[in-house]
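Please consult the sequence and the model alongside the text.

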Amino acid sequence: ILRPHRSLTHRAFAVMMLVLAAVFFGISLLFWSMGAWPVVGFLGLDVALIYAAFHLNYRAARTVEEVAVSSTAVVVRRISPAGRARQWQFNPFFARLVVDRLADEGVTRIRLITRGDGVTIGAFLNPADRTSFAEAFAGALTDARRGRAVS
């Protein structure tokens, strides 16, 4: 099961927004006292936009990818933030794992392809996690092709 990592917890986000709102409120009072009252609205808009950006980021973090490998099938199931699930199923003997790498970044994309159909896996992972997952997935796919139990 793959899930996007978010380094800022919901509690830390709430604290950050309170501090940001307090700082912007103080700045707003300063501009208001100088007669530049339109700045107050723009600073409020800044706070609202920052909140909206983080809200969208946390919503995107609800994406889940489930990858199951057996000797009979490789199943990739992606659940969107809205709860819609999409599933791809591949024969492990015909599926080809394509791992794109850059020298300075590591693994940039992991794809599973068969007969022109394919799916990108773990696009939301950081390069180190993508590298780790690609190695584990390649090993599981090899084990499945050899008829060994996949762990």
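The points below proceed from the overall architecture to the sheets and then to the pocket.

The model is a predicted one, in which local features require pLDDT of at least 70 and side-chain atom pairs count only at pLDDT 80 or more, whereas totals for chains, interfaces and linings use all residues. Residues are numbered from 1 along each chain as its sequence is written, and side-chain values rest on heavy atoms, with hydrogens and water left out.

**Overall architecture**

- The protein contains three helices and six strands; helices (H or I, at least four residues) and strands (E, at least two) are DSSP runs, numbered from the N terminus.
- Read from the N terminus, the order of elements is α-α-β-β-β-β-β-β-α.
- The radius of gyration of the protein is 23 Å, while a compact globule of 151 residues would have one near 15 Å; this radius is taken over C-alpha atoms, and the globule rule is 2.2 Å times the number of residues to the power 0.38.
- The C-alpha trace spans about 75 × 35 × 30 Å along its principal axes.

- Three strands form an open sheet in the order 1-2-3, with antiparallel pairing; two strands count as paired if DSSP finds at least two bridges between them.
- Strand 1 (64-69) and strand 3 (85-90) are the edge strands, and because each has a single partner strand, one side of each is left without a neighbour in the sheet.
- On average, neighbouring strands of this sheet are turned by 10 degrees against each other, direction ignored; axes are lines fitted to C-alpha atoms, for helices over the stretch in contact, and angles run from 0 to 180 degrees between N-to-C directions.
- Strand 1 and strand 2 are antiparallel over six bridges and form a hairpin with four residues between them.
- Strand 2 (residues 74-79) also pairs with strand 3 in the antiparallel sense, over six bridges.
- Ile79 of strand 2 stands opposite Val64 and has Ala85 in strand 3 as a bridge partner.
- Helix 3 (residues 127-145) lies across strand 1 and strand 2 and runs at about 30 degrees to strand 1; contact means heavy atoms within 4.5 Å.

- Strand 4 (residues 96-102) and strand 5 (residues 106-114) pair in the antiparallel sense over seven bridges, in a hairpin with three residues between the strands.
- Within this pairing, Val99 has Ile110 of strand 5 as its bridge partner.
- Strand 5 is joined to strand 6 (residues 117-121) by five bridges, and the two run antiparallel.
- Thr120 in strand 6 is the bridge partner of Arg111.
- The hairpin of strand 5 and strand 6 has two residues between the strands, and Arg115 there takes a positive phi near 50 degrees.

**The largest pocket**

- The largest pocket has a volume of about 160 Å³. On a 1 Å grid over the protein atoms alone, a pocket is an open set of points where a 1.4 Å probe fits, with protein on both sides within 12 Å along at least five of seven lines, and lining residues have an atom within 4 Å of a point. Grid points are joined across faces, edges and corners, and the volume is the space filled by probe spheres set on the points.
- Its lining consists of His10, Phe13, Tyr51, His55, Tyr58, Arg59, Ala61 and Arg62.
- Helix 1 (10-33) and helix 2 (38-60) each supply at least two lining residues, and helix 2 gives the most, with four.
- The lining divides into four nonpolar, two polar and two charged residues; Ala, Val, Leu, Ile, Met, Phe, Trp, Tyr, Cys and Pro count as nonpolar, Asp, Glu, Lys and Arg as charged, and the others, Gly among them, as polar.
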